[in-house]
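Please examine the sequence and the structure shown below. The briefing that follows describes them topic by topic.

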Amino acid sequence: MIELRTPAEVDAMRPAGRFVAEVLATLRDETKVGTNLLTIDRRAHDMIRRAGAESCYIDYHPSFGAMPFGKVICTSINDAVLHGLPFDYALRDGDLVSLDFAASVDGWVADSAVSFVVGTARDEDLALIDTTQRALDAAIGAAVEGSRIGDISAAIAAVAHADGYGINTDFGGHGVGRTMHGDPHVPNDGKPNRGYPLRAGLVLALEPWFLQTTDELVTDPDGWTLLSADGSRGAHAEHTVAITSDGPLILTDRSFLGVD
Ligand code: MG
């Protein structure tokens, strides 16, 4: 069921968005060559406790997960792109890191992801991250009243295709509200002017993710982490966005913190 939020409810989602933005900005700043993925998870958990927020991930156990997630953040490294289960690994020079974080504040959820390289970056990794970010920007630009879900999907796909990346539509964006995943599904590829009409009060997590040379995923033996089938690297960018009569409102915007 697709739920529309009143302007007061969208306002009530702002603290969740701000908290998720602050956590990702902090973790991005603190994550360096040598940082252990378990340290990133512990740090995120500390921030959740201090803020009186609730993790959306720790007890998360959908049909495709082997067991409850058990951590509060997804850390997907290099050929891992989604649902990366933090493990005992110290980041190495040139690693491509995607952090995906969702939390609930005052009973409202926000969900966001960022990708970056620690240490010396390869050009092809920076290009992939840049495409993913521009696809997210295009998706947000298409998230306006009077358009449809397919317009968002087509905007994402156009950016990926122009840069030569394939698209996997098994995992994409989704409605966000009292819970992390709601209707509608927002595929990262689709046809303009198709699908559910976008109305003020619809709140969506928009999340393009691409792999360098494949669109196929395999699941890691940990039962959670999704890896590229060919070992090439992946990147992911995500914001929680409210469609309003004044245009798209990025609830998880980090720009006020001085980071992108
Ligand atoms: Mg997410």
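Strands β6 and β7 run antiparallel and are joined by three bridges. Helices (H or I, at least four residues) and strands (E, at least two) are DSSP runs, numbered from the N terminus, and two strands pair if DSSP finds at least two bridges between them. The model is predicted: local features need pLDDT of at least 70, side-chain atom pairs count only at pLDDT 80 or more, and totals for chains, interfaces and linings use all residues. Residues are numbered from 1 along each chain as its sequence is written, and side-chain values use heavy atoms, with hydrogens and water left out.

**The hairpin of β6 and β7**

- Between β6 and β7, which form a hairpin, there are six residues.
- G175 has G182, in β7, as its bridge partner.
- Strand β7 also contains P184, and the peptide bond leading from D183 to P184 is cis, with omega near 0°.

**The five-stranded sheet**

- The order of the strands in this open sheet is β7-β6-β8-β13-β14, and the pairing is antiparallel.
- At the edges are β7 (182-186) and β14 (247-250), each of which pairs on one side only.
- On average, neighbouring strands of this sheet are turned by 30° against each other, direction ignored; axes are lines fitted to C-alpha atoms, for helices over the stretch in contact, and angles run from 0 to 180 degrees between N-to-C directions.
- Helix α5 (residues 149-162) packs on the sheet and touches β7 and β8, and its direction makes about 45° with that of β7. Contact means heavy atoms within 4.5 Å.
- Four bridges pair strand β8 (residues 203-206) with strand β13 (residues 239-244) in the antiparallel sense.
- Opposite V203 stands A242 in β13.

**The three-stranded sheet**

- A further open sheet has three strands in the order β3-β11-β10, with antiparallel pairing.
- Strands β3 and β10 (217-219) stand at the edges with a single partner strand each, so one side of each is left without a neighbour in the sheet.
- From one strand to the next, the twist averages 45°.
- Strand β3 pairs with strand β11 (residues 226-228) in the antiparallel sense over two bridges.
- Opposite L82 stands L226 in β11.

**The largest pocket**

- The volume of the largest pocket is about 400 Å³. On a 1 Å grid over the protein atoms alone, a pocket is an open set of points where a 1.4 Å probe fits, with protein on both sides within 12 Å along at least five of seven lines, and lining residues have an atom within 4 Å of a point. Grid points are joined across faces, edges and corners, and a volume is the space filled by probe spheres set on the points.
- The lining of the largest pocket has 25 residues, of which Y60, H83, H174, H181 and E207 lie nearest the centre.
- The elements that give two or more residues to this lining are β6 (173-175) and β7. Strand β7 gives the most, with four residues.
- By type, the lining residues are 11 nonpolar, eight polar and six charged. Ala, Val, Leu, Ile, Met, Phe, Trp, Tyr, Cys and Pro count as nonpolar, Asp, Glu, Lys and Arg as charged, and the others, Gly among them, as polar.

**Two residues with positive phi**

- N78, in the loop between β2 (74-77) and β3 (80-82), has a positive phi of about 60° although it is not a glycine.
- N78 counts as buried because its relative accessibility is 14%; buried means under 20% relative accessible area, exposed over 50%, and partly exposed in between (1.4 Å probe, protein chains only).
- D106, in the loop between β4 (96-105) and β5 (108-117), has a positive phi of about 55° although it is not a glycine.
- D106 is exposed, because its relative accessible area is 58%.

**Helix α4 and the loop to α5**

- S147 is placed in the loop between α4 (123-141) and α5, and S147 is buried because its relative accessible area is 19%.
- Apart from its neighbours within four places in sequence, S147 is in contact with A142, Y196, P197 and L198.
- D137 lies in helix α4 and counts as partly exposed, with 43% relative accessibility.
- The C-alpha atoms of D137 and A155 are 9.2 Å apart in space, while these residues are 18 residues apart in sequence.
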